[in-house]
2 protein chains.
Amino acid sequence: MSNDSNFQPDWRNDVAAEGSYRSIFKYDPTKFRHPSPAWYQMFKQEFGLSDEYFKTRQPGGDEQVAIRRGIALSDGQIRAFTDIVGKENVATDDFSRVKYSHGKSLDEDVNLRRGVVEKVPDLVVHPRDKEEVRRIVEYCNAEKIPLVTYGGGSGVVFGTRPEKGGVALVMRTHMNKVLALSELNQTATVQPGMLGPDFEAALNAAPERFGTRLRYTCGHFPQSFELASVGGWVLALGSGQASTYYGDAYHIVMSQEYVTPAGIIKTHDIPGTATGPKVNDIMKGSEGAYGVLVEVTMRIFRYVPGSRQRFSYMFPSWEAAVEASREIAQGEFGLPAVFRISDPEETEIGLKLKGFNDGLFGRYMKMRGMEPMKRCLCIGTVEGEKGFARHVSRQVAGIARARGAVSLTGYGTKEWEKGRYSDIHVREDLLDYGILVDTLESGVSWENVHRLHQGVRAFVKSRPRTFCLTHASHFYPQGTNLYFIFMMKPDSPEEFFEFRGDVVAKILEHGGSISHHHGIGRMFARFMEPHLGKEQMGVLRAIKRHLDPNGIMNPGGLLGLD
Amino acid sequence: MSNDSNFQPDWRNDVAAEGSYRSIFKYDPTKFRHPSPAWYQMFKQEFGLSDEYFKTRQPGGDEQVAIRRGIALSDGQIRAFTDIVGKENVATDDFSRVKYSHGKSLDEDVNLRRGVVEKVPDLVVHPRDKEEVRRIVEYCNAEKIPLVTYGGGSGVVFGTRPEKGGVALVMRTHMNKVLALSELNQTATVQPGMLGPDFEAALNAAPERFGTRLRYTCGHFPQSFELASVGGWVLALGSGQASTYYGDAYHIVMSQEYVTPAGIIKTHDIPGTATGPKVNDIMKGSEGAYGVLVEVTMRIFRYVPGSRQRFSYMFPSWEAAVEASREIAQGEFGLPAVFRISDPEETEIGLKLKGFNDGLFGRYMKMRGMEPMKRCLCIGTVEGEKGFARHVSRQVAGIARARGAVSLTGYGTKEWEKGRYSDIHVREDLLDYGILVDTLESGVSWENVHRLHQGVRAFVKSRPRTFCLTHASHFYPQGTNLYFIFMMKPDSPEEFFEFRGDVVAKILEHGGSISHHHGIGRMFARFMEPHLGKEQMGVLRAIKRHLDPNGIMNPGGLLGLD
């Protein structure tokens with residue numbers, strides 16, 4: 001093994017070429033985040049690789065997209081769409097067909113690097129308003145043309161893969177505006193193709209843009225924030241990094257309007273009713289299989305950045321960190337906004353990434369009894385009204401101290417905030433050298449946290465030279481989530497993907513759920529019936545049959561429905 | 001008109017006779033609450049009645065129940081049920097058939113006083129466990145025998161009326177226990193027939209009964225608390241008096257198990273997942289039409305009576321009270337538990353009931369600018385961790401003062417607490433003299449509160465000699481509820497019921513919902529499609545067809561499903 005400590009791989013800094021595969025799979029074609037030298041050393045060591053190995057890159061997907069596939073729609077059918085949305089909003093070029101059918105899964109990344117394109121739509125259509133969507137759904141239903149809705153394109157579970165061809169309906173091109181903001185109701189009515197940053201900017205600037213008295217925030221900040229659409233949040237049941245306080249996307253939705261083959265479903269913006277099962281909730285999480293979301297009224301929250309406080313702690317053990325988290329979630333004193341605890345492996349690798357594993361900090365930690373591969377990092381913020389935030393912060397501090405934690409001030413959280421949306425970019429650098437990293441997450445009750453954590457870790461670590469980083473980052477009085485990050489240098493991507501499927505099976509075996517906030521799509525569809533049972537699946541399928549009798553809405557295995 | 005100020009009607013104090021109609025419709029056969037002398041004067045005046053009128057009572061339903069109706073089941077069918085639950089748990093006597101099919105609606109009260117029984121089941125069955133329920137549902141489905149589940153019997157919307165005869169399945173007789181309490185998960189798994197006080201007592205005594213470290217509370221305290229079952233809370237979507245803090249029944253459910261003709265639906269106790277539409281939520285509010293709830297895991301809360309604080313305020317106007325409530329609900333400092341504002345008419349009549357409308361208190365109020373028929377009473381409590389409760393209390397006080405309110409200390413709330421579960425008993429005294437009182441409630445967004453309040457009041461008050469008391473008592477950042485109490489001395493009960501239907505139509509016309517927390521049952525079923533639209537009803541009916549293809553589960557118009 002070469003050991004030139006000065007050598008660093010030539011991480012790429014070039015903007016992905018327009019029209020290239022790389023411009024599609026890269027999270028942001030213009031942004032980069034490189035592994036630190038410490039991480040590079042770690043990879044070499046852990047995977048048994050030399051500097052030499054890192055002198056040759058894997059295929060980078062730099063070619064122009066070229067798929068040479070036929071279009072299964074007739075000229076008359078294509079004309080029907082151009083009649084509805086205008087010629088400029090219909091595309092049949094190769095690039096559009098690939099771009100608007102691919103999400104950001106590792107699998108799609110790996111495939112596009114090799115020029116492998118599994119499925120494409122026949123046509124890409126950019127509707128301008130909900131009336132156009134209504135006409136498109138009506139036409140597709142009459143002609144039995146499959147229809148797959150594409151929001152921001154940040155999904156990681158093949159939710160937008162047009163398994164049976166047809167039309168890709170791109171919501172983010174035109175249907176991306178705030179239609180109304182009600183300061184009295186504290187709601188914003190939004191088109192589903194609006195991206196997170198635009199929505200948040202509009203709410204923060206509400207006094208200037210909507211004449212409100214106060215500023216507002218959407219409260220939903222998933223890692224995919226910069227790319228995901230508001231409609232995607234709702235349809236794939238996302239959770240933001242501040243969900244412990246603001247709730248999951250599921251809770252932030254007030255009312256919705258869907259265009260379905262069986263008609264238009266528009267729910268009331270009434271906060272509490274006892275009028276039978278809530279159709280407003282039934283539609284959430286339907287991932288485009290029940291209809292097209294065309295408008296959504298979201299609860300919004302007062303934007304009070306002045307009261308935000310940051311904290312971070314080092315706990316002596318995972319058990320102590322979990323116990324403190326539960327105590328906080330159940331304490332009835334209000335909840336923190338961001339709250340996250342990392343297990344020993346994630347803590348260690350995180351410290352290494354930042355260069356904090358040794359030196360003054362490392363010595364101080366050891367002095368305070370915080371042993372490597374036992375200690376656990378906790379970061380978080382409090383938000384809300386100033387006095388409330390102060391009180392929550394104090395309570396968190398008291399509980400942390402009682403569990404033996406050492407305060408690291410707000411510094412740890414500030415460091416984390418720098419990478420909260422951009423850490424994902426590091427994936428490309430790793431893939432450029434054949435190192436694969438992917439994530440799985442699972443909801444879990446407090447009773448089951450340790451069983452799930454240990455069971456999954458034992459399985460992942462049973463494979464030699466495999467990282468398994470775990471954190472919990474969404475807290476409820478009744479439980480939390482576990483987010484597993486695993487990294488390896490497999491012999492082939494296929495080996496990795498098969499391994500990932502086995503990890504999901506292990507998650508279910510240990511009482512977790514298939515997904516906490518990434519959705520199901522087609523990637524995890526085969527686990528749905530084993531996890532939920534055929535009776536629950538029967539209900540979901542009955543709704544599908546009713547709303548979409550011809551099976552045109554995002555067909556082909558999505559959610560295990562067809 | 002006679003005007004003997006010493007005369008008071010001879011309000012009844014006798015325990016309803018066993019086996020009588022009165023013992024069925026009276027909320028509690030042994031409890032009473034009489035109108036105050038001030039109220040009596042008010043009724044005489046408002047309804048133009050004399051003391052003479054109050055010397056003769058209306059029929060009181062004191063007769064023994066006797067219906068002399070056939071049983072539409074064969075001996076073999078009855079034997080099938082006795083084989084499952086044992087002879088002692090099957091009844092065909094008249095009293096059982098009437099008792100276990102009637103709720104506590106005013107209509108049923110009026111009818112039973114006249115000996116009018118609309119529908120009865122053929123058989124009353126008391127299952128002992130969920131396996132017996134499974135066998136009963138299977139048998140009823142095979143034999144196409146209608147099955148109506150009866151929980152606590154507190155419903156007011158004909159939810160337990162066996163429109164097509166069949167079997168009344170009584171859950172509260174045996175299936176009324178806490179099966180498990182998880183202190184880690186902070187949940188309790190309960191059988192659906194458990195009544196509120198038993199559940200709360202078990203949770204308060206958790207250290208002694210389940211060996212927990214802490215005491216717990218269920219957080220759900222509807223006015224029907226003493227009579228309603230936990231299953232009923234969930235199936236009819238109730239809201240407790242402390243729902244502003246603890247959430248509606250909908251939010252307090254963690255997971256459920258149902259026996260349906262299409263199989264057993266058992267959901268996971270995982271607090272957050274992204275595994276498609278949530279069947280756990282789809283089943284809530286199904287009022288027995290989708291299957292029989294046999295087990296429910298409820299979220300529970302730390303019981304900290306020591307931090308409870310009470311407050312009450314007088315606001316100078318309804319507008320000020322509403323504005324302050326909205327400010328509190330949206331303030332992001334935590335929420336009060338009980339919170340209730342009364343409109344001017346309810347405030348005035350409430351003060352009169354307690355004798356506070358004049359005297360020292362009355363003069364003090366006027367001096368502080370609180371004019372009769374303008375001023376509005378606000379009462380409430382704060383709960384949770386001590387510092388949190390203190391902070392919420394202070395914030396509430398600040399907002400109330402800023403809107404011109406005068407503090408009445410915790411006294412007003414203590415007075416309200418005395419009658420929180422028993423005020424309902426006054427209905428019998430009034431009915432004994434032909435005065436009818438009923439309530440309707442509606443969910444409403446903040447934008448619509450005044451429009452709904454004014455629209456409904458204008459309609460109710462357009463009828464001469466009619467009281468209309470309104471309060472809001474369940475608060476959300478996005479809106480609240482309006483609870484309308486109307487009282488009159490109609491020429492006939494039928495006149496009253498027709499009027500009530502017209503009020504519901506007015507509610508819908510002014511943007512409210514059919515029901516905020518009383519459910520739909522059969523009473524309001526005809527408003528479902530106009531309110532929700534045929535598309536939403538289509539979804540609810542599709543689920544019904546799937547889970548109950550033979551239409552045996554609580555059939556006959558419930559929720560407008562069949």
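Biologist: What confidence scores come with the model?
Modeller: The ipTM is 0.97 and the pTM is 0.97. For chain A, the mean pLDDT is 96, and 99% of its residues reach 70 or more.

Biologist: What does a low pLDDT tell me to do?
Modeller: Where pLDDT is low, the predicted coordinates should not be read in detail.

Biologist: New topic: domains. Where are they in chain A?
Modeller: The domain assignment gives domain 1 (75-172), domain 2 (178-302) and domain 3 (305-420) of chain A.

Biologist: How far apart are the C-alpha centres of domain 1 and domain 2 of chain A?
Modeller: They lie 23 Å apart. The contact between these two takes 16 residues from domain 1 of chain A and 18 residues from domain 2 of chain A.

Biologist: Which elements of domain 1 give two or more residues there?
Modeller: On the side of domain 1 that touches domain 2, they are α6 (130-143) and β3 of chain A. The largest share, five residues, comes from α6(A). By class, that side of domain 1 has five nonpolar, eight polar and three charged residues.

Biologist: You mentioned β3(A). What sheet is it in?
Modeller: An open one of four strands in chain A, ordered β1-β2-β4-β3, with mixed pairing.

Biologist: Why is one side of β3(A) left without a neighbour in the sheet?
Modeller: β3 (147-150) stands at an edge and has a single partner strand, so one of its sides has no neighbour in the sheet; β1 (90-91) of chain A stands at an edge in the same way. Strand β4 (residues 167-170) of chain A runs parallel to β3(A), joined by four bridges. One bridge pair there is Val148(A) with Ala168(A).

Biologist: What about β13(A): are its residues buried or exposed?
Modeller: Buried, all of them. Phe339(A) and Ile341(A) point one way, and Arg340(A) and Ser342(A) point the other way.

Biologist: Which strand does β13(A) join by three bridges?
Modeller: Strand β14 (residues 376-382) of chain A, in an antiparallel arrangement. β13(A) also pairs with strand β17 (residues 467-472) of chain A, again antiparallel, over two bridges. Ile341(A) is opposite Cys378(A) in β14(A), and opposite Ala472(A) in β17(A).

Biologist: Last one, chain B. How many residues of α13(B) are buried?
Modeller: Nine of its twelve, so to speak mostly covered. Among the buried residues are Trp318(B), Arg326(B) and Ile328(B). Helix α13 (residues 318-329) of chain B reaches 16 Å from its first C-alpha to its last, close to the 16 Å expected at 1.5 Å a residue.

Notes
Residues are numbered from 1 along each chain as its sequence is written. Chains are lettered from A and ligands numbered from 1 in the order in which they are written. This is a predicted model: local features need pLDDT of at least 70, side-chain atom pairs count only at pLDDT 80 or more; totals for chains, interfaces and linings use all residues. pLDDT is the predictor's confidence in each residue, from 0 to 100. Two strands pair if DSSP finds at least two bridges between them. A residue is buried if 20 or more other C-beta atoms lie within 10 Å of its own, exposed if 12 or fewer, and partly exposed in between; C-beta atoms are placed from the backbone. Domain bounds come from an automatic or database domain assignment. Two residues are in contact if their C-beta atoms, placed from the backbone, lie within 7 Å. Ala, Val, Leu, Ile, Met, Phe, Trp, Tyr, Cys and Pro count as nonpolar, Asp, Glu, Lys and Arg as charged, and the others, Gly among them, as polar. The expected span of a helix is 1.5 Å times one less than its number of residues.
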